[in-house]
Amino acid sequence: MKKRTFLFACFMAYIVLKDTTMDEDTVKQSISDMCQNELKDYEVPKYYRYVDSLPYTQNSKYDFRLLEKMGKDFISQEGSK
């Protein structure tokens, strides 16, 4: 009999603030409210992370592998708090 492993995925929102005078908590709450109104429950990000800029590959595309690594590192830091 095979043992089944279930993976639970969650979404993370990466936020790049162009206006550094804005309050991060207010921005996070606004984005969270918008997501809850516009998206299905399982699509709403569980985590929100502020970054200076989004990483790009050498081909000028978003580096999703690096974003995934950043997300895993962020979640493990959040869990250790």
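Author: Helices and strands are here DSSP runs, numbered from the N terminus, and the model to which they are applied is a predicted one.

Reader: In which order do the elements of the protein run from the N terminus on, and where is tyrosine 56 found?

Author: The elements follow one another as β-α-β-α, which gives 2 helices and 2 strands. Tyrosine 56 sits in the loop between β2 (47-50) and α2 (64-79), and together with Tyr62 and Phe64 Tyr56 makes a nonpolar surface patch of about 380 Å².

Reader: How many salt bridges does the structure hold, and which side chains meet in them?

Author: Side chains of opposite charge can pair when their charged atoms come close. The structure holds 2 salt bridges: lysine 72 meets glutamate 68 at 3.4 Å, N to O, and lysine 69 meets aspartate 73 at 3.0 Å, N to O.

Reader: How are lysine 69 and aspartate 73 placed in helix α2, and is lysine 72 buried or exposed?

Author: Lysine 69 and aspartate 73 are 4 residues apart in helix α2, and so are separated by about one helical turn; lysine 72 and glutamate 68 are likewise 4 residues apart in that helix. Lysine 72 is exposed at 53% relative accessible area, whereas glutamate 68 is partly exposed at 46%.

Terms used. Residues are numbered from 1 along each chain as its sequence is written. This is a predicted model: local features need pLDDT of at least 70, side-chain atom pairs count only at pLDDT 80 or more; totals for chains, interfaces and linings use all residues. Side-chain values use heavy atoms; hydrogens and water are left out. Patches are made of residues with over 30% relative accessible area and no salt bridge: like charges are joined within 9 Å, nonpolar side chains (Val, Leu, Ile, Met, Phe, Trp, Tyr) within 5 Å. Accessible areas come from the Shrake-Rupley method with a 1.4 Å probe; for residues, only the protein chains shown count as cover. A salt bridge is a side-chain nitrogen of Lys or Arg within 4 Å of a carboxyl oxygen of Asp or Glu. Buried means under 20% relative accessible area, exposed over 50%, partly exposed in between (1.4 Å probe, protein chains only).
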